[in-house]
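Here are a few notes to read alongside the model. Have it open on your screen and go through the points one by one.

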Amino acid sequence: MKKISKITLALLLIFAFANLNGQIKYGAKAGLNFSTMTLKYMGLSIDPKTLVGFHIGGYAEFPIIENLSIQPGLLISTKGTKYDFSSEKGTISPVYLDVPVNLMYSFNINPKIPKISVFTGPYFAYGIAGKYKIGDESSSISYGSGDDYDLKPFDMGINFGAGMTFNKIFVSLQYGIGFANLSPATSVDMEMKNRVFGISAAYQFGGK
């Protein structure tokens, strides 16, 4: 939690002072998440089903050299999955404070068409809310480590994607692969990892 708090504070300072340099871009973004969560239990894999959610937040973009920049962000992001068990259906939908840090390369193939960008980078996330449902019963997700909890709170992984800029609007597609095992269980062999395909639209407030 302390690591996430430090990252969040750093990003808030970035957003607060971004307008001191006209080269720095910053803005807001929102979009849809199409997520799954892989589940392996005692060596067996359970087929996950896609869950539709959302993400919303802000970002800053700092130029490094021509066409190359780094783009940290701060998002509220819903993830999770649906499962079809033999006798009933289940859904788990955690909500994360998500911190992506992408390296972005932007270029023009033709001046008459929108600028194209490709990006990749790590993300760090911390569970702050969410629900799970099995059959007709539902409850809030409890975060922690051990058999009494539903999920570990900390997640990390890598994002990659591409997008196009239309004036001040940036539309992108991205895919996130979680590396952290989110299963809190210690008494059984279980693995749970996030996978998220996202569609985003961002509006740029600063920069040239």
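1. Start with the surface. Accessible areas here come from the Shrake-Rupley method with a 1.4 Å probe. For this predicted model, the accessible surface of the chain comes to about 11,400 Å². Carbon and sulfur atoms hold 62% of that area. As for the inside, 39% of the 208 residues are buried.

2. Now the overall layout. Among contacts with a separation of 6 or more, 63% link residues 24 or more positions apart.

3. How far should you trust what you see? The mean pLDDT is 88, with 88% of residues at 70 or more. Strand S11 (residues 169–178) has the highest confidence, at 97, while helix H1 (residues 2–17) has the lowest, at a mean of 55. Over residues 17–21 the pLDDT falls below 50, and this stretch has three contacts beyond near neighbours in sequence. Where pLDDT is low, the predicted coordinates should not be read in detail.

4. Next, look for the largest nonpolar core, which has 13 residues. Met37, Ile92, Leu151, Leu182 and Met192 have the most contacts inside it. Strands S1 (25–41), S7 (89–107) and S8 (115–134) each give two or more residues to this core.

Conventions:
Residues are numbered from 1 along each chain as its sequence is written. This is a predicted model: local features need pLDDT of at least 70, side-chain atom pairs count only at pLDDT 80 or more; totals for chains, interfaces and linings use all residues. Side-chain values use heavy atoms; hydrogens and water are left out. A nonpolar core is a set of buried Ala, Val, Leu, Ile, Met, Phe, Trp, Tyr and Cys residues joined through side-chain atoms within 4.5 Å. Buried means under 20% relative accessible area, exposed over 50%, partly exposed in between (1.4 Å probe, protein chains only). Helices (H or I, at least four residues) and strands (E, at least two) are DSSP runs, numbered from the N terminus. Contact means heavy atoms within 4.5 Å. pLDDT is the predictor's confidence in each residue, from 0 to 100.
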